[in-house]
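I wanted to look up how some of the helices cross and what lines one of the voids.

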Protein chains: 4
Amino acid sequence: MNERGGQKSSTEVDPSDPQERSDCADTSAACKRGRPRSEAVKENVLRAANELLDERGFKAMTIESIAERAGASKVTLYRWWPNKAAIVMEAFLAAYGAKTPWVHTDSVIDDLRAHMIVFVKVLGGRPGVLLAGLAAEGVLDAEVGDAFRTLWIVPRRAEATKSLKKGVASGELRADLDVEAVIDALYGPMYYRLLVKHAPLTRAYALSLWDVVMRGIAATPEARERAGHGAERTPK
Amino acid sequence: MNERGGQKSSTEVDPSDPQERSDCADTSAACKRGRPRSEAVKENVLRAANELLDERGFKAMTIESIAERAGASKVTLYRWWPNKAAIVMEAFLAAYGAKTPWVHTDSVIDDLRAHMIVFVKVLGGRPGVLLAGLAAEGVLDAEVGDAFRTLWIVPRRAEATKSLKKGVASGELRADLDVEAVIDALYGPMYYRLLVKHAPLTRAYALSLWDVVMRGIAATPEARERAGHGAERTPK
Amino acid sequence: MNERGGQKSSTEVDPSDPQERSDCADTSAACKRGRPRSEAVKENVLRAANELLDERGFKAMTIESIAERAGASKVTLYRWWPNKAAIVMEAFLAAYGAKTPWVHTDSVIDDLRAHMIVFVKVLGGRPGVLLAGLAAEGVLDAEVGDAFRTLWIVPRRAEATKSLKKGVASGELRADLDVEAVIDALYGPMYYRLLVKHAPLTRAYALSLWDVVMRGIAATPEARERAGHGAERTPK
Amino acid sequence: MNERGGQKSSTEVDPSDPQERSDCADTSAACKRGRPRSEAVKENVLRAANELLDERGFKAMTIESIAERAGASKVTLYRWWPNKAAIVMEAFLAAYGAKTPWVHTDSVIDDLRAHMIVFVKVLGGRPGVLLAGLAAEGVLDAEVGDAFRTLWIVPRRAEATKSLKKGVASGELRADLDVEAVIDALYGPMYYRLLVKHAPLTRAYALSLWDVVMRGIAATPEARERAGHGAERTPK
DNA sequence: CCTTAATCGAGACGGTACGTCGGGTCTTCGA
DNA sequence: TCGAAGACCCGACGTACCGTCTCGATTAAGG
């Protein structure tokens with residue numbers, strides 16, 4: 001996300017360093033007339049947002065407070081982000097965007113299981129809190145909802161689709177799967193607990209879900225049988 | 001916020017207490033002091049809230065506008081409801097609290113199927129819009145979340161639990177079910193689409209979910225087989 | 001506003017009539033059936049008003065707080081007093097209505113001196129605080145102003161007029177006096193300090209005023225001379 | 001209340017500081033950060049306040065209505081003035097701050113007479129109405145009272161003190177004057193009528209007061225005599 | 001005794017204004 | 001150019017009192 005990271009970190013080491021302007025001495029072409037955009041601002045904003053998110057939560061955190069904490073002006077925030085959800089989204093993706101990978105072995109059923117375990121762990125931690133705020137805000141504000149789907153939901157579903165189709169192709173899964181519905185059957189209950197908070201997001205929960213769904217979509221009795229014992233195979 | 005609000009809303013929205021006005025008959029004389037609460041106000045407020053919900057949506061609707069539309073004062077609203085979500089909740093329950101019934105035949109699998117069909121239809125309509133707002137607000141505001149779970153989520157899950165346990169007892173469903181997880185597997189994906197809005201809530205979707213889950217939890221191959229054809233049995 | 005307010009206050013001006021209950025014995029038609037007014041309520045209200053006046057001051061004291069403190073309902077207060085100033089007025093008159101008497105010796109100049117001394121002492125104490133609140137409220141609210149003038153200002157000025165006219169008649173004071181202006185010259189500066197609070201209301205202040213005015217209005221050089229030493233004659 | 005308000009109003013209403021905008025010329029660079037205060041807003045607010053004062057009077061005029069009339073936001077008002085009295089005070093001083101000048105001829109007694117005539121005319125007109133509201137509010141609210149004394153009462157009394165001391169020095173007035181009390185004897189009765197409204201503020205009234213007081217403070221019989229005829233010398 | 005009428009408490013109610021918060025926008029200066 | 005400071009309008013917040021309006025309960029005089 002930040003292509004100037006190297007030059008950045010030298011600044012960041014000492015945040016109290018006042019002569020940020022010596023940039024132009026070493027880099028030359030990039031340094032045009034006028035004050036260059038400060039990357040430090042972005043970092044300060046994201047850092048401030050993260051802090052406030054933890055201190056006050058999504059709703060109580062305001063653009064105003066972020067700006068103050070970051071030592072930035074509100075105008076600057078509005079220049080780079082359309083609303084507070086966008087800031088949180090960026091902070092979230094920067095920190096956790098790569099935390100829910102798919103592994104691709106020769107058993108799709110196992111891959112799904114591994115993913116579920118990772119995913120429930122992510123949702124159960126701090127990223128889950130941010131995600132819940134973003135999802136909720138996305139319900140109340142269409143623009144935020146679009147961003148949330150585009151940047152978070154869709155990419156992950158695409159991976160899942162790929163995996164499930166591979167499983168169908170390999171005969172591991174039933175041929176008549178409603179792929180979309182199956183993805184929803186896997187992810188849906190996780191978000192349900194994340195948002196409604198009627199019960200905790202545990203590893204056991206993820207495995208129970210995986211168990212039920214695998215029994216329902218595995219093509220062969222053997223695969224079904226394997227799934228049926230999944231919850232017990234790996235103690236929490 | 002308003003200490004009476006919580007107690008109030010939980011009392012007033014409870015659909016199982018039809019004779020709310022007869023408080024004073026059984027309780028002591030002290031309860032009849034002062035001017036009694038005007039029922040007309042309550043009705044006006046709920047009607048106004050419903051109108052504004054449709055006109056502007058959950059987020060854009062304000063306490064102020066409800067009061068104005070209802071011809072009531074803000075203080076009166078704050079006297080009876082702790083926040084706007086509580087008003088919406090009460091309006092919602094009054095209108096749709098009994099719209100997702102459970103039928104209890106001798107086949108639990110069929111009962112679940114019937115419920116899923118009814119439920120997806122409710123979520124796909126106006127009640128779904130209100131529910132989404134309430135759920136989202138519940139994520140952002142703990143007090144609202146409590147009310148949402150207590151008044152909406154829990155009662156429905158209790159019914160589902162009863163049904164599933166009956167199925168287990170009758171041998172129709174597998175004996176080693178994780179009942180809570182199965183309920184989540186059924187409801188979760190519905191709320192997931194309701195809130196994330198990545199795809200529509202159709203009858204076919206409900207049946208696909210039911211199909212997957214039933215295959216995973218039915219005890220006998222025959223039952224599993226029945227489920228496997230469920231989606232096709234009833235054209236949309 | 002409240003047509004009974006006027007009638008009320010005229011009654012209340014005379015605090016020395018405790019047996020209001022015996023109305024029906026002498027009067028006839030006016031005394032109807034029904035529950036008689038509770039004197040206890042009146043006492044509670046006046047006591048509560050006095051307490052709150054001391055605790056919070058005139059502005060911060062509200063009808064609501066008086067009612068609560070008195071254990072009375074707001075309606076009861078509004079039934080008997082048109083506004084909070086009327087309550088304070090009644091409480092004030094009951095406590096201090098007779099605290100600024102005129103003595104009538106054979107020297108009007110001495111009488112004025114004695115009155116000034118008494119008056120400045122009253123204004124400088126708790127009654128002064130109440131009086132200031134009443135006067136200020138009377139400026140901002142015409143109805144209160146009327147009551148203040150009628151019940152407090154006018155009676156005292158009438159006494160003063162009587163005294164001054166006597167002085168003129170006896171030849172002690174100049175014959176061409178503008179009596180009204182002289183009364184204003186005596187009372188005015190006292191209220192000025194009471195309201196503007198730029199300096200304290202001391203006995204010395206009262207004597208200084210008396211000194212200046214007496215020199216200006218005494219008929220004979222001897223009288224003038226007597227006044228000229230008045231401030232010193234009685235050490236503070 | 002608003003810590004800037006106090007400092008502000010005392011700065012801005014000082015009529016002896018015409019070049020308020022050139023602050024930054026002499027002070028440091030730090031003062032010019034941010035958008036400068038809009039003078040137009042100030043003007044609009046004061047104009048609106050004046051209009052509403054005439055239309056509704058001091059008590060019925062609200063901050064809200066001023067803001068609306070001025071096309072300003074309430075926050076902006078609260079930023080610059082601590083309360084409505086401060087706004088009225090500023091509006092008042094802007095319009096009438098210089099309307100009660102002191103002339104200094106070689107006769108202090110004549111100067112006082114001239115001032116009394118001017119002053120009673122001011123009090124009897126629109127400025128008197130505003131002054132009454134400010135004074136009354138100052139009684140009920142200590143902060144307002146402070147401002148009223150500091151910005152209005154004290155400066156005028158300082159002039160009067162100067163004049164009286166000159167008269168004493170020149171031998172025109174008695175040497176043993178209690179200067180403060182004499183000032184109170186002159187101003188007090190005017191404010192008394194202004195606030196209590198028991199009689200009108202006429203030129204004749206001012207002259208009567210002047211007459212009485214001058215007789216009391218003039219040093220020589222001749223001066224006393226002059227004063228004694230003052231009321232007749234200048235027909236109203 | 002038993003109306004009948006007034007008073008009292010409690011407290012709901014519509015209203016107006018309060019003083020504050022945050023959202024976006026804009027204006028100026030300095031880098 | 002960009003960015004910080006901060007003024008500005010706007011809309012809503014939740015609260016405080018106002019003055020009015022039911023209620024049930026209480027209290028006497030008069031029938």
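I searched the whole structure for voids and got 9 cavities of 30 Å³ or more. A cavity here is a set of points on a 1 Å grid over the protein atoms alone where a 1.4 Å probe fits but cannot get out. Grid points are joined across faces, edges and corners, and a volume is the space filled by probe spheres set on the points.

This is a predicted model, and I kept its conditions: local features need pLDDT of at least 70, side-chain atom pairs count only at pLDDT 80 or more, and totals for chains, interfaces and linings use all residues. Residues are numbered from 1 along each chain as its sequence is written, chains are lettered from A and ligands numbered from 1 in the order written, and side-chain values use heavy atoms, without hydrogens and water.

I looked at the second largest cavity, with a volume of about 50 Å³. Its lining (residues with an atom within 4 Å of a point) consists of Trp102(B), Leu112(B), His115(B), Met116(B), Ala160(B), Ile183(B), Leu186(B) and Tyr187(B). The elements giving two or more residues to this lining are α7 and α10 (179-196) of chain B. Helices are DSSP runs (H or I, at least four residues), numbered from the N terminus. I sorted the lining into 7 nonpolar, 1 polar and no charged residues. Ala, Val, Leu, Ile, Met, Phe, Trp, Tyr, Cys and Pro count as nonpolar, Asp, Glu, Lys and Arg as charged, and the others, Gly among them, as polar.

Next I followed α7(B), residues 108-124, to α11(B), residues 203-217: the angle is about 150° and the axes are 9 Å apart. Axes are lines fitted to C-alpha atoms over the stretch in contact, with angles from 0 to 180 degrees between N-to-C directions. The pair is therefore roughly antiparallel (over 145 degrees; under 35 is roughly parallel). Leu112(B) and Met116(B) are among the α7(B) residues in this contact, and both also line the cavity. Contact means heavy atoms within 4.5 Å. I count 10 nonpolar, no polar and 2 charged residues in it.

Last, α6(B) and α9(B) come within 10 Å at roughly 15°, so they are roughly parallel. Their contact includes Phe92(B) and Trp152(B), with 10 nonpolar, no polar and no charged residues.

Technical notes:
Parallel < 35°, antiparallel > 145°, perpendicular 65-115°, else oblique. 1 Å grid on protein atoms, 1.4 Å probe; cavity = no way out; pocket = protein on both sides within 12 Å on 5 of 7 lines; lining within 4 Å.
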